[in-house]
Amino acid sequence: LQNMAAVQFSHVSCSGAVCSCFLLAVAYVGSLYAWRSDLPRDHPSTVKRRFVGVLLVTLLAPLYLWLISKDSADPQGPHLLQWLGLQTEGFILASTLPLLLTMMLFLGPIAMCLTDGSCYSPITRGLTYLKYRYRNVLWLRNFIVAPFTEEFVFRACMLPLLIPCLGPGLAVVVCPLFFGVAHIHHVFERLKTGDQSVKVIWMLTMFQFSYTTVFGAYTAFLFVRTGHLIGPYFCHAFCNEMGFPNFGDVFTGSTLRAVLLSVLYVAGLVLFLVFLWPATQPYLYSNTTYKWT
């Protein structure tokens with residue numbers, strides 16, 4: 001890796017960067033529908049075919065970036081893998097601190113699932129848990145393939161194009177819009193099943209667009225601040241595991257339980273906001289590629 005040539009993307013215009021990101025998003029979503037099938041999205045055959053499509057896009061996306069890149073005037077500048085957040089320096093902290101930060105935010109939901117027993121228990125189940133999960137294609141999709149390929153294509157391959165043009169702050173805001181819009185395709189699958197009214201489907205779709213965009217901004221922030229892909233991936237997989245917090249369940253059960261959970265929800269949010277910036281200082285992760293301080 002030390003001998004890889006330094007590359008840059010500062011020559012790419014803003015319109016070129018946006019069009020490239022749009023192209024990557026269309027390619028990713030399009031790969032999900034490359035094979036025509038009447039089977040539902042959760043059918044194992046559908047899931048496996050989509051694995052092939054998104055993995056192909058994941059392999060081709062960095063090739064596209066390499067083709068449009070230029071040799072950097074600074075020979076000590078970042079090479080392509082560093083732009084993509086694939087580096088060994090700072091890897092251990094990059095794979096732990098962002099996840100711990102995200103778990104702070106989910107302090108309330110974690111306490112809730114521990115008290116009601118809904119949390120998975122890989123520690124107590126050990127190898128039996130892992131054996132079952134890795135044979136389940138839906139688990140592989142939700143916690144391995146989807147989080148990795150989405151973070152790679154929508155963050156690692158888009159931010160190197162957007163940051164030279166927009167700067168890190170605005171790029172973190174614009175980048176997740178492609179991610180949010182990419183999830184609108186679910187509306188067609190819901191319409192196909194016919195289980196819900198059109199109004200409900202569009203309301204659910206707009207809600208999904210909103211929270212996926214906000215979440216995308218968070219993982220884009222983590223990517224730029226740490227310069228690593230591993231942190232956003234772990235956080236994405238963790239959030240898929242936890243799901244969107246069910247605030248209504250906080251007030252079920254005893255009054256004491258409701259009070260304690262409410263305190264933990266608020267405490268988790270406060271701790272998250274307090275540590276968000278200091279826990280993502282670029283120097284902690286040897287991040288010299290994205291210098292957002």
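Phe207, Tyr211, Phe244, Phe247 and Tyr265 come together as one aromatic cluster. The model is predicted, so to speak of local features takes a pLDDT of at least 70 and side-chain atom pairs count only at pLDDT 80 or more, while totals for chains, interfaces and linings use all residues. Residues are numbered from 1 along each chain as its sequence is written, and side-chain values use heavy atoms, leaving out hydrogens and water.

**Aromatic pairs**

- Across the whole structure, a search turns up 19 aromatic pairs (ring centres of Phe, Tyr or the six-membered ring of Trp within 6.5 Å; planes under 30 degrees apart are stacked, over 60 edge-to-face, the rest tilted).
- Phe148 and Tyr233 make an edge-to-face pair, with 6.2 Å between centres and 80° between planes.
- That pair links distant parts of the chain, 85 residues apart: Phe148 belongs to helix α9 (residues 137–156) and Tyr233 to helix α14 (residues 230–242). Helices here are DSSP runs of H or I with at least four residues, numbered from the N terminus.
- Phe244 and Phe247 are also a pair, edge-to-face because their planes stand at 85°, with centres 6.2 Å apart.

**Exposure of the rings**

- Tyr233 is buried at 12% relative accessible area, whereas Phe148 is partly exposed at 34% (buried is under 20%, exposed over 50%, partly exposed in between, with a 1.4 Å probe and protein chains only).
- Phe244 is partly exposed at 45%, and Phe247 is partly exposed at 47%.

**Charges over rings**

- Arg50 has its charged end over the ring of Tyr33, 4.9 Å from the ring centre (NZ of Lys or CZ of Arg within 6 Å of the centre and within 35 degrees of the ring normal).
- Arg225 lies over the face of Trp277, 3.5 Å from the ring centre.

Terms used
Helix = DSSP H or I, 4+ residues; strand = E, 2+ residues; numbered from the N terminus.
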